[in-house]
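Colleague: I have the file open and would like to go through it with you. Can we start with the overall fold and then turn to details?

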Amino acid sequence: MPASQNQVLYPKFYRDFSCIGPNCEHHCCQSWRITIDKKTYKIYKKSTDPVLRDITRNQMSRPRQQTDHEYRLINLKSDSSCPLQNKDGTCYIHCNHGEKLLSATCKTYPRQTKSLTGKIEPSLSLSCPEAARKILLDPSAMMFETDPEAKIESGLILSTYNNVPDHFDAFRQTAFQAVLGEEECPDERLFHLGALFSLVAKRENSGDILAACQTFFQMREDKLLNRMYAEATPNIKGQAHLLKQLMEKLQFFKHNKVLEGYHQQFVDNLKEKFGEHGSVNMEQLLADRQQHYTPLIEDCGHGLVNMMLHWLYTSDICHKTGEELLAGYAEFTLKYILIRFYLQMLAEPGHYKELLVGIVHSMSRSADHNQEYLKSLHANTVLMKLGSHAQIMSLLK
Ligand code: SF4
């Protein structure tokens, strides 16, 4: 990806997106944390509109970690929808006061733009189903183009990185190459990325990290990474542990009706086909469902690859080194494995794309707005002595 002073780098999916409003199957006015920034809160509080004043008094709460950006949370109704959503699905504030009175979150979602030294990188959150369709289903969604004429409103920039390390571009480019792979399946590509991160995590300065990237390319050229993957022992115990955690942490689905619906189907299928006296025969499950999962990967496996590329592009993972880098990889891989469980269990011919978009966007809506879940899942896996970097990588077998 080329860079120049204040270049705007557009991924193709960003250009292709527009909100589908009333036709949306999982509207953003429901099922998640709707945050209000301090400035907007004060405007609502002093508004001449009694509906807005009432909302600030009776239907907002204070987040546990309050910031100016996340100053209040809107309390959702019992059906998980926003109290400001009209019966026809439109927004009361947008209809009566226009876009200028929307909170920063509502104004920008699902756009999430980053500013790095010399360039602006616009992106979209995978938690919006229409954005997920654009990102996952188009094999060329993660192609980039620069536009020297483009202007991005400063209000859209959610994070700014002023001290980008010298190795950042080359390291992220190598990470992209690891995931782009050649003929490998998505699991193996994420495994290769784990091998790159393992090399980089041991180095501290930019020169050494660039040398680690060269070592990675040499290993790939020598087919060493393919051999490592072929010879890795599948971590069945780790997968069984994750499945148990998935079944027990039901609060993860709070307010997320779409994910809750998939989860219920998942539980019913498990109980019906693989449950014995309250436990699951993990090896039988994985062997049995592979025949359903393989055609899904053949049809839309590029969607999982795009999900990895989107994470490398959007998150701050390539700014990290050492243990932080490995922990970030572990959390993403755990999310990937949970998504894979649902896809394995629910894949049916004729519905692969719909299922991929449904699972990835709804899982992202819960996981990306509740980072603690993946962190605690990782901590728990480490506590059970199943979460070293090598063990996390072997979950991908
Ligand atoms: S979730 Fe996405 S497509 Fe749906 S209403 Fe919100 S922005 Fe529009």
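Predicted model: local features only at pLDDT ≥ 70, side-chain atom pairs only at ≥ 80, totals over all residues.

Colleague: What radius of gyration does the protein chain have, against a compact globule?

Modeller: The chain has 397 residues. A compact globule of that length would come near 21 Å, and the chain agrees with this. Along its principal axes the C-alpha trace spans about 70 × 60 × 40 Å. The radius of gyration of the chain is 22 Å.

Colleague: How many helices and strands are there?

Modeller: Buried residues make up 35% of the chain. Of the contacts with a separation of 6 or more, 76% join residues 24 or more positions apart. The secondary structure comes to 17 helices and 10 strands.

Colleague: Which helix gives the most to the side of domain 2 that touches domain 3?

Modeller: Domain 2 covers 168-229 and domain 3 covers 233-394. Their centres are 23 Å apart, and the contact takes 18 residues from each domain. On the domain 2 side, H7 (168-180) and H8 (186-201) each supply at least two residues. The top contributor, with 10 residues, is H8.

Colleague: How many nonpolar, polar and charged residues are on that side of domain 2?

Modeller: This is the side that touches domain 3. Three of its residues are charged and two are polar. The nonpolar ones number 13.

Colleague: At what angle do H14 and H15 pack?

Modeller: H14 spans residues 322-346 and H15 spans 352-367. Their axes lie 10 Å apart, and the crossing is right-handed. The packing angle is about 145°.

Colleague: Which residues of H15 meet H14?

Modeller: From H14 come Lys 335, Leu 338, Ile 339, Tyr 342, Leu 343 and Leu 346. By class, the residues of this contact are 11 nonpolar, no polar and one charged. The partners in H15 are Leu 355, Leu 356, Ile 359, Val 360, Met 363 and Ala 367.

Colleague: Which helices do the buried residues of H6 pack against?

Modeller: H6 is mostly covered, with eight of its nine residues buried. Among them are Glu 130, Arg 133 and Lys 134, as well as Ile 135 and Leu 136. Their packing partners are H1 (12-16), H13 (282-314) and H15.

Colleague: Is Pro 139 buried or exposed?

Modeller: Pro 139 is in the loop between H6 (129-137) and S7 (144-146). Pro 139 has 12 inside 10 Å, so it counts as exposed.

Colleague: Is the peptide bond from Tyr 109 to Pro 110 cis or trans?

Modeller: Pro 110 has its place in the loop between H5 (104-108) and S5 (113-116). Most peptide bonds are trans. Here omega is near 5°, and the bond from Tyr 109 to Pro 110 is cis.

Colleague: What is phi of Lys 223?

Modeller: Most residues other than glycine have a negative phi. Lys 223 has a positive value. Lys 223 sits in the loop between H9 (206-221) and H10 (224-231), and is exposed with 10 other C-beta atoms within 10 Å. Its phi is near 65°.

Colleague: And what is phi of Lys 385?

Modeller: Lys 385 is in the loop between H16 (371-383) and H17 (389-394). With 10 other C-beta atoms within 10 Å, Lys 385 is exposed. Its phi is positive, near 60°.

Key
Residues numbered from 1 in each chain as written. Axes fitted to C-alpha atoms, helices over the stretch in contact; angles between N-to-C directions. Helix = DSSP H or I, 4+ residues; strand = E, 2+ residues; numbered from the N terminus. Left-handed = near helix turned anticlockwise from the far one by under 90°. Contact = placed C-beta atoms within 7 Å. Nonpolar A, V, L, I, M, F, W, Y, C, P; charged D, E, K, R; others polar. Domains from an automatic or database assignment. Rg over C-alpha atoms; globule rule 2.2 N^0.38 Å. Buried ≥ 20, exposed ≤ 12 C-beta atoms within 10 Å, placed from the backbone.
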